[in-house]
Amino acid sequence: MAVLQKAQLQTDGETLVLSLWVEPAGELPHQLRAALVLHDDIMVDSFAWWCECERKADTWVGRLQIGSGSGQARLLELANIVDPAGVPVSMPAAHLFLERPGNAAWTTGADAEAEKVRLAAKRDAYFNAPIVGAAATGADPTFSIVLLADNLRLTKIQRIPGIQVIPLASSTVGIDVAHVLNDVMRQLRFGSGINLDKWMESMQDRRPAAIVHAPRVQAADHSIAVKACLQSVHPLLDLLALRRGDSPRLLGGVAATADRNGVMQCMAYWVAGAGYAGNVLGGMTSGEDPHTLVRYWNALSKDPRTKLWLALYADAIADDRWDYRLFRCFNLLEGIATEIVPDNVVIRDGTGKPRLMPDKKPYTTRHARGKVYELLRGVAAKGQEAESNFTAPLQDGSSAELWDEVEIWVAVRNSVAHRGSWELPTGERPTAAHSSTEAQIIRRSQDNTLSEGIWSVVHALRTAVESTIRAALRGRL
């Protein structure tokens, strides 16, 4: 095997000139192909610049363009050399080339090695920073969170501070589906079932999977650690959806912590997603009436908008983030109201008086709150329902006014739209309006907690959307 003896890199204008001195094994090749990779404070670039080097006497010289520097030091490493037959050239030692700003010369040796060590330490400090849960202290334990996601095809590890996403070359995601189908087919007296090997080949192609790992999450307990982790994982997966062209889905995960021997022990595991929150009853009066199903099915063909509303509602309730779920449901109601409710109608209370904004001007159906309120009043009237069906019950057992309920929906929707979430960033003090809305949400809980109030508020909004879509299916909008 040929052996690399020496390598040199020089700058010639916008071009780099690579020179190689190789001790050949046998006949000297006329060409060699060398790969250079870039080290920076984010990664060691897996993309290689390939340089075609021509033999000149006892030296092989090639030229390549990788663009001018950005005003910062650049560190390149000679990663690979092959001859025309693809046979590698042995490189007994690493070959690093360092370019300092303002100096066209590429240096090697101790300075380049020191820069490689510095960049590696900077990467480690950046990416290995722990995720910190709410109100965490230095005395709190550290957890490791591992999640499984499918519908995500990666070829290399993706990292942000505290989290890495690791591609799975193969997985058994989806094998449970084949087992269930085979069991059912036997019960239905099918003569043959699914070939599991072919099924898994298809699954691995159509549902590629990846592991999401947060190795250090500091929090008071595992539930807070999981919540803190997911606050970073969800937007990361949304960003990967943008960059990869399809939407990843979390399937489940585990939370673990180290025992006295340093061995990770599972503390909790869970199936991802909001979980089933629909009707737990059965029968004719619980949504399983065949006549109603057929009637609704036939109604879908009469108004294609209803198909869209159904699809948007299904997407909304599938989101396991409560504020996003509320955001989507409210926007759906607002979109329906835009189609149904007349524009610029003054909103009035039960006595006929206009409902006034803080500036004493009347609310109208030009405002989101007025528009959705007027839509739901119409849905309730035409369906002979009480408006209180669309509100969460108060702690004292009374019913909130629909107008006040819609105010909460608008506040949360606006917070998500303008800040990206209802929850405030760490350290940010809530405004008076934010605190007032949370107090109203807590009033709608039976245990005086925000989480229970949130459930009640989202449930009321879901009921409002479902009644609105049913009204459309019945031709009552």
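Three aromatic pairs are counted in this predicted model, where rings of Phe, Tyr and Trp (its six-membered ring) pair if their centres lie within 6.5 Å, with planes under 30 degrees apart counted as stacked, over 60 as edge-to-face and the rest as tilted. Residues are numbered from 1 along each chain as its sequence is written, and side-chain values use heavy atoms, with hydrogens and water left out. The model is predicted, and local features need pLDDT of at least 70, side-chain atom pairs count only at pLDDT 80 or more, and totals for chains, interfaces and linings use all residues.

**Y126 and F127**
- The ring centres of Y126 and F127 are 4.9 Å apart and the planes stand at 75°, so this pair is edge-to-face.
- F127 is buried at 7% relative accessibility, while Y126 is partly exposed at 42% (buried is under 20% relative accessible area, exposed over 50%, partly exposed in between; 1.4 Å probe, protein chains only).

- Y363 and W403 pair edge-to-face, with 4.9 Å centre to centre and 75° between the planes.
- Y363 is in the loop between helix 7 (322-340) and helix 8 (368-382) and W403 is in helix 9 (residues 402-419), so the pair ties together parts 40 residues apart in sequence; helices (H or I, at least four residues) are DSSP runs, numbered from the N terminus.
- Y363 is buried at 13% relative accessibility, and W403 is buried at 6%.
- One aromatic cluster is formed by Y363, Y373 and W403.

**Charges over rings**
- R33 has its charged end over the ring of W50, 4.4 Å from the ring centre (NZ of Lys or CZ of Arg within 6 Å of the ring centre and within 35 degrees of the ring normal).
- R369 lies over the face of Y363, 5.4 Å from the ring centre.

Methods:
Helices (H or I, at least four residues) and strands (E, at least two) are DSSP runs, numbered from the N terminus.
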